[in-house]
Amino acid sequence: MMILKVSDLAVNYGAIKAVKGVSFEINEGEIVSLIGANGAGKTTILKTISGLLKPVEGTISYFGKDLKHKKASHIVAEGISHVPEGRHIFPGMSVKENLQLGAFLQKDRTQVKELFTEVYSQFPILRQREDQDAATLSGGEQQMLAIGRALMSKPKLLLLDEPSMGLAPIFINKIFEIIKAIKNRGTTVLLIEQNAKKALSIADRGYVLATGEIKMEGTGAQLLASPAVQKAYLGG
Amino acid sequence: MQTFFQQVINGLSLGSIYALLALGYTMVYGIIKLINFAHGDIYMLGAFWGYYVINVWHFNFIAALLSAMVICGLSGVIIEYFAYRPLRHSPRITALITAIGVSFFLENGMAYLFGSNARDFPQIVKQVNYNIGGVRISNIQIQILATACILMLLLQLIIRYTKMGRAMRAVSVDNDAAQLVGINPNLTISFTFALGSALAGAAGVMIGLYYNSIDPLMGMTPGIKAFVAAVVGGIGSVPGASLGGFLIGLLETLVQSVGLSAYKDAVVYVVLIVILLILPTGIFGKNVKEKV
């Protein structure tokens with residue numbers, strides 16, 4: 001079942017046409033990966049889906065509903081959660097407060113408690129660091145916190161922007177395992193990565209983006225095997 | 001030594017007024033990076049509201065205080081909605097100039113409607129002086145100090161432990177990330193204005209009671225001094241604003257007590273200059289590096 005359909009999306013970033021008529025779709029339970037070089041428009045697409053940016057053209061339909069005119073805070077309520085590039089945890093607040101903010105829209109206290117248990121069981125390190133200032137966590141831990149915070153809103157669709165960026169290799173593998181685990185628990189994932197090889201190896205399907213347009217699409221394995229992708233993104 | 005303690009008591013009373021005002025400056029600055037120069041005029045509105053309800057409706061102190069907080073909170077929200085919100089994405093200087101405009105509007109609007117003469121604030125609390133070891137302290141001073149401390153404590157609790165308080169902190173540190181967890185920034189900013197303006201309203205009623213005299217321009221000087229207090233404490237920092245307020249109040253009173261009354265305002269501005277030179281982020285200010 002298709003949960004998100006992006007059609008002919010065009011977004012400007014100031015005077016720059018960052019995204020020029022992009023269309024793609026995401027089915028329930030999939031990991032879909034958007035790969036492409038810096039400046040290809042990947043982050044812009046995610047920000048537009050989550051409502052931080054407004055498109056100039058095109059539609060974003062989520063379970064058949066148009067998201068284009070909704071505010072970011074409403075889009076979270078609809079079940080789309082966005083883990084931004086660079087993690088953007090709230091510094092000066094404890095790990096626990098960061099997670100509580102992730103559950104900002106959950107009205108039911110017992111539900112919030114359950115979500116805490118779930119996120120803590122997935123990321124035991126966060127429980128250990130519960131009362132610590134989030135800014136004192138390592139990069140990998142901050143990424144886990146950012147993902148944990150996004151999961152606190154009980155998303156149906158999780159948008160991940162460069163989750164492996166700037167992390168030590170050991171954490172990179174861990175983050176990709178976490179993404180697979182999230183999928184196995186039934187959450188659909190849209191993953192943006194510069195680490196194309198890793199991203200495509202866990203993705204069900206992928207799209208290759210360059211200069212604001214989609215150049216190729218296919219299953220993760222197809223794209224991994226494609227000579228063009230290998231040449232451009234996987235170092236031959 | 002007795003005189004010194006006497007001045008400390010006087011300074012703390014005055015300082016608690018500045019502290020309440022400084023909190024509004026610092027919270028608004030923290031969340032939208034605007035120095036709300038109309039803040040002192042909200043305090044004036046609070047004093048006039050207190051004057052009106054005590055004279056006309058015979059409110060007691062608590063009722064006058066609470067109703068002034070509600071009215072001023074609402075005024076803050078309305079001002080933000082009509083004057084500042086349309087400029088959210090404009091350069092900061094535009095909003096700053098607008099704040100000065102709002103300040104003039106409130107001052108002159110009140111002068112036009114109610115006259116610019118100073119009027120006597122009704123004395124609902126009968127002044128009783130206590131003598132403790134030669135230091136004279138009035139029940140009004142105690143009331144001001146206690147009320148200010150209770151309000152500051154409540155504010156701290158709201159910011160620390162409530163959902164809206166967490167939302168305020170989240171929007172202050174990272175507006176985009178706050179939206180991504182489902183926080184509505186506009187609502188949160190309105191809430192911040194409501195809180196800050198309510199505190200200013202409380203300060204207005206209390207200063208009326210303390211100084212007995214109110215007029216439409218009464219907010220100018222205390223407004224600027226409270227702004228200095230917020231800068232001294234570290235603009236954006238809530239504990240800093242409280243501390244800065246008390247420090248400025250003490251300083252002003254002590255300067256007066258050594259016979260330099262004529263310079264009491266000048267000294268406060270000298271402090272501002274010195275702080276900006278040697279400790280530009282204030283006592284509790286964070287040294288935020290600009291991201292490139």
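## A loop residue in chain A

His88(A) sits in the loop that links strand E6 (80-83) to helix H3 (95-102) of chain A. Helices (H or I, at least four residues) and strands (E, at least two) are DSSP runs, numbered from the N terminus. This is a predicted model, in which local features need pLDDT of at least 70 and side-chain atom pairs count only at pLDDT 80 or more, while totals for chains, interfaces and linings use all residues. Residues are numbered from 1 along each chain as its sequence is written, and chains are lettered from A and ligands numbered from 1 in the order in which they are written.

Asp8(A) belongs to strand E1 (residues 2-13) of chain A. Asp8(A) counts as exposed because it has 12 C-beta neighbours inside 10 Å.

Glu177(A) is part of helix H7 (residues 169-184) of chain A. With 11 C-beta neighbours inside 10 Å, Glu177(A) counts as exposed. Between Glu177(A) and Glu130(A) there are 47 residues in sequence and 23 Å in space, going from C-alpha to C-alpha.

## Chain A as a whole

Zooming out, chain A has ten helices and ten strands. Its C-alpha atoms fill a box of roughly 45 × 40 × 35 Å along the principal axes. Of the 236 residues, 45% count as buried.

Helix H1 (residues 42-49) of chain A is largely enclosed by the rest of the structure, because eight of its eight residues are buried. Among them are Ile45(A), Leu46(A) and Ile49(A). Just after H1(A), Gly51(A) takes a positive phi of about 95°.

## Crossing helices in chain B

Now for chain B, where helix H3 (residues 61-84) and helix H8 (residues 185-211) have axes that come within 7 Å and cross at roughly 140°. That makes H3(B) oblique to H8(B). Angles under 35 degrees count as roughly parallel, over 145 as roughly antiparallel, 65 to 115 as roughly perpendicular and the rest as oblique. The axes are lines fitted to C-alpha atoms, for helices over the stretch in contact, with angles running from 0 to 180 degrees between N-to-C directions.

Ala202(B) is one of the H8(B) residues that meet H3(B). Leaving aside residues up to four places away in sequence, Ala202(B) touches Leu20(B), Gly46(B), Leu65(B), Ala68(B), Met69(B), Thr147(B) and Leu151(B). Touching means that two C-beta atoms, placed from the backbone, lie within 7 Å.

Notes:
A residue is buried if 20 or more other C-beta atoms lie within 10 Å of its own, exposed if 12 or fewer, and partly exposed in between; C-beta atoms are placed from the backbone.
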